[in-house]
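Hi,

Here is the structure I promised to pass on.

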Amino acid sequence: MLKVMSRLKPASRTLVFAACLTAAGACAPVFKKHGYVPTAEDLAEIQVGVDTRESVLESVGAPSTSGVVRDSGLYYVTSRVRHYGPKRPKIVSRELVAISFDDRGVVRNIERFGLEDGTVVTLDRRITESSVQNRGFLRQLLGNIGNFNPANIPGATN
């Protein structure tokens, strides 16, 4: 490698060095942040048993998502994801703040969860199994040779 580098012209050497430097820099991790969670100071202003849904929305803002049942709760979610070269993105941190309300719409509880509090939920994919699985095109084509019946051709008379 050193012999090859010594034979190159200075301009070519600079280009090779710049290309190597660019390739090494492309492997730097990239972090992306998604979502919003109110700060601890904003959450400290909310009083359990006093504040209502409207006052919470006014003081900390709109949530990332809300409960499935109407007026059940507000959920603020943020996550930080690391992208590193061709590897699959990895969630580095996740934080969830859940504010629940009682029947009257008054704050009942404020909870904070992190990535370490969560559990991995595997989704059950309901896929219909195919009968042509693990059979190539030629195998399917040649497998029909003995199954030809001229009576099944449209327009054929019996």
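This is a predicted model: local features need pLDDT of at least 70, side-chain atom pairs count only at pLDDT 80 or more; totals for chains, interfaces and linings use all residues.

Let's begin with salt bridges: the count comes to two. As background, side chains of opposite charge can pair when their charged atoms come close.

One of them joins Glu95 and Arg112, with 2.0 Å between the closest N and O atoms. This pair links distant parts of the chain, since Glu95 belongs to strand β4 (residues 90-101) and Arg112 to strand β5 (residues 107-114), 17 residues apart. How exposed are the two partners? Glu95 is partly exposed, at a relative accessible area of 26%, and Arg112 is partly exposed too, at 40%.

The other salt bridge is between the side chains of Asp102 and Arg104, at 3.2 Å from N to O. Here Asp102 counts as partly exposed, because its relative accessibility of 23% falls between the 20% and 50% cut-offs. Arg104 is exposed, because its relative accessible area of 68% is over 50%.

Now for the serine. Ser100 sits in strand β4. Is it buried or exposed? Ser100 is buried, because its relative accessible area is 17%, which is under the 20% cut-off. And what does Ser100 touch, leaving aside residues up to four places away in sequence? The list is Ser72, Gly73, Val106, Val107, Arg108 and Asn109.

Cheers

Notes. Residues are numbered from 1 along each chain as its sequence is written. Side-chain values use heavy atoms; hydrogens and water are left out. A salt bridge is a side-chain nitrogen of Lys or Arg within 4 Å of a carboxyl oxygen of Asp or Glu. Helices (H or I, at least four residues) and strands (E, at least two) are DSSP runs, numbered from the N terminus. Buried means under 20% relative accessible area, exposed over 50%, partly exposed in between (1.4 Å probe, protein chains only). Contact means heavy atoms within 4.5 Å.
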